[in-house]
Amino acid sequence: MSDKWKQTALLVIDMQNDFILEDGLMRVDGGKAIVPNVIKAVEIARQRRILVIWVVREHDPLGRDAELFRRHLFSAGKGGPSKGSIGAELVDGLVIKAGDYKVVKTRFSAFFNTNLHSFLNTEGIKDLVIVGVQTPNCIRQTVFDAVALDYRNVSVIVDATAAATPDIHAGNIHDMQKIGVATPKVEEWCESDG
């Protein structure tokens, strides 16, 4: 195992039923297609003993901690990824295991009002690899915050992240590449030696 992997964490963002399934309340059109690549990235991370961090949305059932623009989903009784709901569960094929870590967020960035940065510092993490949904929102915001917080290397696995359309995904990936974010495909990342 390369020493690099000891300082690397894989962030798996919002791979929950409400974002991935056809009937999900916040479904990302490209989300279902990336599930196999996200599963593969998690498997490779575990083989390399990379810390796997599950970043999920879990709101108050009444939506009191949701963004203002999403609160109507809760007040109309439609719900959302509320703690304990089926919509908040990870999509089939993804499982939190012993040694993994879970971060609950209520905004786009995994760093906003969470203990993620403090936890990563405590664990000696300097490099981040990011997968999940959705590219222009939670992925991009987390990436830009990670860069602002001076993480040494930030990578987004381009075919293990998704947006509503391929064009939106590509445009956001391009913006992240411009600030030095690496964007390998899952096969390239799996074959890299760190």
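**Cysteines, cores and a helix**

Biologist: Does Cys-138 count as buried or exposed?

Modeller: This is a predicted model, so the answer is computed from its atoms. The cut-off to keep in mind is that a buried residue has under 20% relative accessible area. Cys-138 has a relative accessibility of 5%, so this cysteine counts as buried.

Biologist: And what about Cys-190, buried or exposed?

Modeller: The cut-off of under 20% applies here too. The relative accessible area of Cys-190 is 16%, so Cys-190 is buried.

Biologist: How many disulfides does the structure hold?

Modeller: A disulfide is a covalent bond between the sulfur atoms of two cysteines. To count here, the two sulfur atoms must lie within 2.5 Å. The number of disulfides in this structure is zero.

Biologist: Which element gives the largest share of the largest nonpolar core?

Modeller: That core has 34 residues, and Leu-10, Val-12, Met-15, Val-38 and Trp-189 have the most contacts inside it. Elements giving two or more residues to the core include β1 (8–13), α3 (31–47) and β5 (153–162). The largest share, seven residues, comes from α3.

Biologist: Where do the buried residues of α7 fall, seen down its axis?

Modeller: Helix α7 covers residues 166–177, and His-169, Asn-172, Ile-173 and Met-176 are buried in it. An α-helix has 3.6 residues a turn, so residues three or four places apart point the same way. In α7 the buried residues fall within an arc of 105°, so they line one face of the helix.

Biologist: Which elements do those buried residues pack against?

Modeller: Among the buried residues of α7 is Ile-173. The buried residues of this helix pack against α6 (135–148) and β5.

Technical notes. Residues numbered from 1 in each chain as written. Predicted model: local features only at pLDDT ≥ 70, side-chain atom pairs only at ≥ 80, totals over all residues. Heavy atoms only, no water. Buried < 20%, exposed > 50% of the residue type's maximum accessible area, 1.4 Å probe, protein only. Core = buried A, V, L, I, M, F, W, Y, C linked by side-chain atoms within 4.5 Å. Helix = DSSP H or I, 4+ residues; strand = E, 2+ residues; numbered from the N terminus. Expected span 1.5 Å × (residues − 1). Arc of directions from axis to C-beta. Contact = heavy atoms within 4.5 Å.
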